[in-house]
Amino acid sequence: MGGKLSARLLLVGMLLAGGCSRPPGGERALETASLVPISFAGWQEKLAGYRGSVVVVDFWATWCAPCLERFPHMVALYERYKGRGVRFVSVSLDDTGDAGALERAREFLKRHKATFENYLMDENITDAFAKLDLLSIPAVLIYGRDGRLRHKLTGDDPNRQFTSEDVDRALEETLKLD
Amino acid sequence: MLSRGTGIRTAVLLLFAVGIALPGHAGKFNKVVDLGAAMPEFADLPAVDGKTLSSRDLKESVVVLVFLANHCPWVKGMDGDLVKLAARFKGKDVRIVGVSVNHREDDRLEAMKVHAAKAGYNFTYVYDESQELGRKLGATRTPEYFVFDKARRLVYMGALHNSPASMRTDGTINYTKGEPTEFYVADAIEAALAGKAAPVDETRPQGCTIEYAQSK
């Protein structure tokens, strides 16, 4: 466990070092890092491990303005559904080579008290969208206790972009189903 | 009594007509339109140069509509490539029109004027507050391209090229797949000018999400 955590922190450090410039106070930022890099394969494993819980996944990024606008609703939902067997997870699709963006992402999560699991998709971003079968973010995916994807809420159709109410409704439906 | 050949031809024509007329006839990635769709008409959209633009004003053989958003790092990352594209087809029978539809202040007309000047936009850049053009074309990304031939039928939709680029927080441009090697829009324009089919006709657009008003 400790070894895995160290490896993750090391990876965060490598990502920061791999950016165009190292942010001031970068070392200190590592101590409070709240974004855990994860590969697509690792994410698949993680999802499989969630079986038994209803899971709400929010795909977001700091470059995505509507993602930032919608994210507080995710935190509010997390608070509302605490203790009801719902797991909340965020996955950032920020540019892993942009140290400034990663710093902004961590600050954002901290400011919004996003104390659930927060991952950073550690893949080429163009590949990540294809592998995740996502056209756009924000996207909220809700999985049932059996691990099946029950709802995929996106902005892919201009005439049916999802709302916060859609997320609430989808989550309640999933809880009733399982 | 129709002959078998005539019957088949009639059926094909009917299917073609129904296919064009039906809303929700989606592409591989686009949820609203498919290739062959007619270019939606639009009227009197305000442009950054103080003029207005209507679809009836477009006389060129090929029309490219590209959805943009000033605030978007993916737009900023590929602005240079878009300007190069417009320069490449300058003086040819091609019209490139940038369209902004977001309602946020930094994507509206006044901000568009500032952004167009800064980015060196060398094409018409219009604002569609109604968002109708974006809705009708199923545009959800910025930048997202739609290429229409002389008959104003959609011959290509999607990304500019095969290496989407974004502007990082330090102002540098990051090409996600290295130097672009496949130039989908340019190839589609060349093909349309030559009366041929685009070699690649639909790709996955990558960029920021267009935010549509929820009232509809």
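## A walk along β7 of chain B

Select β7(B) to begin: Glu144(B), Phe146(B) and Phe148(B) lie on one side, Tyr145(B) and Val147(B) on the other, and all of them are buried, so both faces of the strand are covered. Keep in mind that you are looking at a predicted model. The strand spans residues 144-148, and the tally is five buried out of five.

Next, bring up the neighbours. On one flank, show β3(B), residues 62-67; β3(B) pairs with β7(B) in the antiparallel sense, over five bridges. For a landmark, pick Leu65(B), which stands opposite Phe146(B).

Now show β8(B), residues 154-158, which runs antiparallel to β7(B) and is joined to it by four bridges. Here the pair to click is Tyr145(B) and Gly158(B), standing opposite one another. Follow the chain from β7(B) into β8(B) and you trace a hairpin with five residues between the strands. Stop in the turn at Arg152(B), where phi is positive, about 60°.

Zoom out to take in the sheet. Which order do the strands of this open sheet follow? Reading across, you get β5-β4-β3-β7-β8 of chain B, five strands with mixed pairing. β5(B), residues 124-127, and β8(B) are the edge strands; each has a single partner, so one side of each is left without a neighbour in the sheet. Turn the view to look across the strands and you'll find a twist that averages 20° from one strand to the next.

For a parallel pairing, go to β4(B), residues 94-100: four bridges join β4(B) to β5(B). Select Gly98(B) there, and its bridge partner in β5(B) is Tyr125(B).

Now colour by pLDDT. Chain B averages 90, with 88% of its residues scoring at least 70. Residues 1-24 of chain B are another matter: pLDDT stays under 50 there, and the model has seven contacts beyond four places in sequence for this stretch.

Last stop: the interface. Select the 27 residues of chain A that are in contact with 28 residues of chain B. On the chain A side, α4 (65-80), α5 (99-111) and α6 (125-131) each supply at least two residues, and α6(A) gives the most, with four. Coloured by class, that side shows twelve nonpolar, ten polar and five charged residues. For the complex, the predictor gives an ipTM of 0.84 and a pTM of 0.85.

Conventions: Residues are numbered from 1 along each chain as its sequence is written. Chains are lettered from A and ligands numbered from 1 in the order in which they are written. This is a predicted model: local features need pLDDT of at least 70, side-chain atom pairs count only at pLDDT 80 or more; totals for chains, interfaces and linings use all residues. Two residues are in contact if their C-beta atoms, placed from the backbone, lie within 7 Å. Ala, Val, Leu, Ile, Met, Phe, Trp, Tyr, Cys and Pro count as nonpolar, Asp, Glu, Lys and Arg as charged, and the others, Gly among them, as polar. pLDDT is the predictor's confidence in each residue, from 0 to 100. A residue is buried if 20 or more other C-beta atoms lie within 10 Å of its own, exposed if 12 or fewer, and partly exposed in between; C-beta atoms are placed from the backbone. Two strands pair if DSSP finds at least two bridges between them. Axes are lines fitted to C-alpha atoms, for helices over the stretch in contact, and angles run from 0 to 180 degrees between N-to-C directions.
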